[in-house]
Amino acid sequence: MRKTLAVLLPLALPGAALAHPGHVTGAPFAAGFAHPLGGSDHLLAMVAIGLWAASLGGRAVWALPLAFVSAMIAGGALGAAHLALPLVEPMILASSILLGAVVALALRPPVHLVLPVVAVFGVMHGYAHGAEGPGHGFAAYVAGFALATGALHLAGIALGRLALVRWLGAATAAAGLVVAAVQG
């Protein structure tokens, strides 16, 4: 448990939690790849998707990440178009807390009920990525944040295969609460 907290708690530090400056400099693919890694709110939620997918097992292992990334790409297009979408930041914060909590509580709803929830969170995360994206090279930027997100989901799935999955979920939810308190 101490090692888990030692890894996850730094993600909730104020410097990591506030905004995501500097992501749109350099090549669009690199900027897109860096975006999900640069904010603890994104990082926690994306790993939690993998944790939940692993804990559900079966088709959820591929369906949850696929639903999230697909919805995130659509949300990125909405953000890039600067279309109004309410509650983006609160939903991003809520995603890490709620996703961590469902893993910690070992909730196992049917996958067909989980997918819309995951997709809504994906749209919100994608919207934030798209709204902060570059004015040029947007396709490369999207490829970057989609690939980084997929890697974070895979990390969550790998961690979810450990016997400590419920503790990891609890640590994710707790770190999400810290991030929310710092940003609030």
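At what angle do helix α3 (residues 28–37) and helix α4 (residues 40–56) pack, and how far apart are their axes?

**View 1. The packing of helix α3 against helix α4 in a predicted model.** The two helices pack at an angle of about 80°, with their axes 6 Å apart; helices here are DSSP runs of H or I with at least four residues, numbered from the N terminus, and axes are lines fitted to C-alpha atoms over the stretch in contact, with angles running from 0 to 180 degrees between N-to-C directions. α3 and α4 are therefore roughly perpendicular to each other, a term for angles of 65 to 115 degrees, while under 35 counts as roughly parallel, over 145 as roughly antiparallel and the rest as oblique. H35, P36 and L37 of α3 meet H42, L43 and M46 of α4, where contact means heavy atoms within 4.5 Å. These residues divide into 4 nonpolar, 2 polar and no charged (Ala, Val, Leu, Ile, Met, Phe, Trp, Tyr, Cys and Pro count as nonpolar, Asp, Glu, Lys and Arg as charged, and the others, Gly among them, as polar).

**View 2. The aromatic pair F29 and F33 in helix α3.** The ring centres of F29 and F33 lie 6.2 Å apart and their planes are at 25°, so the pair is stacked; rings of Phe, Tyr and Trp (its six-membered ring) pair if their centres lie within 6.5 Å, and planes under 30 degrees apart count as stacked, over 60 as edge-to-face and the rest as tilted. Being 4 residues apart in helix α3, F29 and F33 are separated by about one helical turn.

**View 3. Helix α4 beside helix α9 (residues 165–183).** The axes of α4 and α9 come within 10 Å and cross at roughly 155°, which makes α4 roughly antiparallel to α9. Among the residues in this contact are L44, A48 and L51 of α4 and L168, T172 and V179 of α9. By class, the contact of α4 with α9 has 7 nonpolar, 6 polar and 1 charged residues.

**View 4. Helix α4 beside helix α6 (residues 88–104).** Here α4 and α6 pack at an angle of about 35°, with their axes 8 Å apart. The contact includes A45, I49 and W52 of α4 and I92, L99 and V103 of α6, and its residues comprise 11 nonpolar, 4 polar and 2 charged.

**Notes to the views.** Residues are numbered from 1 along each chain as its sequence is written, and side-chain values use heavy atoms, with hydrogens and water left out. In this predicted model, local features need pLDDT of at least 70 and side-chain atom pairs count only at pLDDT 80 or more, whereas totals for chains, interfaces and linings use all residues.
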